[in-house]
There are 2 protein chains.
Amino acid sequence: MSLSLSPAMLCKCLSDETRLQATLLVARFGELCVCDLVAALDAPQSTVSRHLAQLRSCGLLSGRRAGQWVHYRLNPELPEWAGRVIGELCAAATLAHPDLIRRAQGCCPPPVALS
Amino acid sequence: MSLSLSPAMLCKCLSDETRLQATLLVARFGELCVCDLVAALDAPQSTVSRHLAQLRSCGLLSGRRAGQWVHYRLNPELPEWAGRVIGELCAAATLAHPDLIRRAQGCCPPPVALS
DNA sequence: TCCGTATATTCGGATAAGCGGATATATAAA
DNA sequence: TTTATATATCCGCTTATCCGAATATACGGA
C-alpha cells in the first residue's frame, strides 16, 4: 500500500510556518525528537506535537519511539516527487531563516547504536 | 523589487485543489483566459476569479487583458525554486487528474499575433 | 449610447484551521 | 510504587478560509 499523499495535501502540510520549519529541521538533521523541535521552533509543546501528529498522519513524517523520546524523520516511503518538492522548499526556506538551523541542538541522547 | 514569495505562501496558494488545478492548466497551456478555466475546472465564475486574484496577488500568476478577456500565465518573475516546485507538483497532479487537461479548450480567440 | 459578454468584487454565512492551557499517557528511574 | 520527564490528546476559543449568488466594472459591437 503506497501512501496516498496528494500534491494539494502536501502543500497544505507545508503551508503552515511551524510545520514547514519542523519539516525543514527534520530533513536537515535526519532525525529529531519533539523536545529538539520545541526548542528550535520556540513554540509550546502542545502546538509542536499537534503539528507533528498532522505531518505524520499525512505520511510526511514517521515517528519512532526510543525510550521516553519520539524521534521524527522524513517518511522513507515518501514518493519521489514529494521528496523533491520538500527539498526545494526546504532549501528556499533555509535561506529565509538561516538562524533556524542553529537553534536545533540535541536535548536528548543521540540515537546512536540503535539497531 | 523582487517578488517576496515565501515557501509557505507558495504552498498555501497550491494547497487548494481549485488553485492547484488552475495553476497546472496555466502552466501546461502557457496562457489561458478565465472562461477557459471556468470550463475546465467546472466551477462558478466568481470562485475561479477569486482564486485567480489570489494567485496573482501572491505573484504566482500574472494577468494580461486582451479585449474582453484576461489571459493568465505563470508570472515570469517567479523565483527559480518556485518554478521547480510548481513543475514537480503539476507533474504529480497531472498524473492524478489525467482528464483535466482534456477539458481545457479555447473559448476565446487564441492570443496570436498580439505584440 | 445601449446591450451583451467577460471578468472582478462584495457580502453573509458555513466550515476549517490554528492556538495553547490543561490533562492524559508512556517510559524510566528512584 | 512514586516521581519526573517526554509526548499526545482534549477542549473551548479565535481567526482564517472557502463558497457562490448578487452586483459592479470593463470592453466591444451595434
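Biologist: How many bridges join strand E2 (residues 61-66) of chain B to strand E3 (residues 69-74) of chain B?

Modeller: 6 bridges join them, and the two strands run antiparallel. Strands (E, at least two residues) and helices (H or I, at least four) are DSSP runs, numbered from the N terminus. Two strands pair if DSSP finds at least two bridges between them. This is a predicted model: local features need pLDDT of at least 70, side-chain atom pairs count only at pLDDT 80 or more, and totals for chains, interfaces and linings use all residues. Residues are numbered from 1 along each chain as its sequence is written, chains are lettered from A and ligands numbered from 1 in the order written, and side-chain values use heavy atoms, without hydrogens and water.

Biologist: Which residue in E3(B) is the bridge partner of Arg65(B)?

Modeller: Val70(B). Ser62(B) stands opposite Arg73(B). The hairpin has 2 residues between the strands, and Gly67(B) takes a positive phi near 65°.

Biologist: In what order do the strands of the sheet lie?

Modeller: E1-E3-E2 of chain B, an open sheet of 3 strands with antiparallel pairing. E1 (32-33) and E2 are the edge strands, each pairing on one side only. Helix H4 (residues 45-57) of chain B packs on the sheet and touches E2 and E3. Contact means heavy atoms within 4.5 Å.

Biologist: How are two copies of a chain related?

Modeller: By a rotation about an axis and a shift along it. Here a rotation of 180° with 0.0 Å of shift superposes chain B on chain A (RMSD 0.0 Å). In chain B, the C-alpha nearest the axis is that of Cys11(B), 2.3 Å from it.

Key:
Axes fitted to C-alpha atoms, helices over the stretch in contact; angles between N-to-C directions. Least-squares fit on C-alpha atoms with pLDDT ≥ 70 in both.
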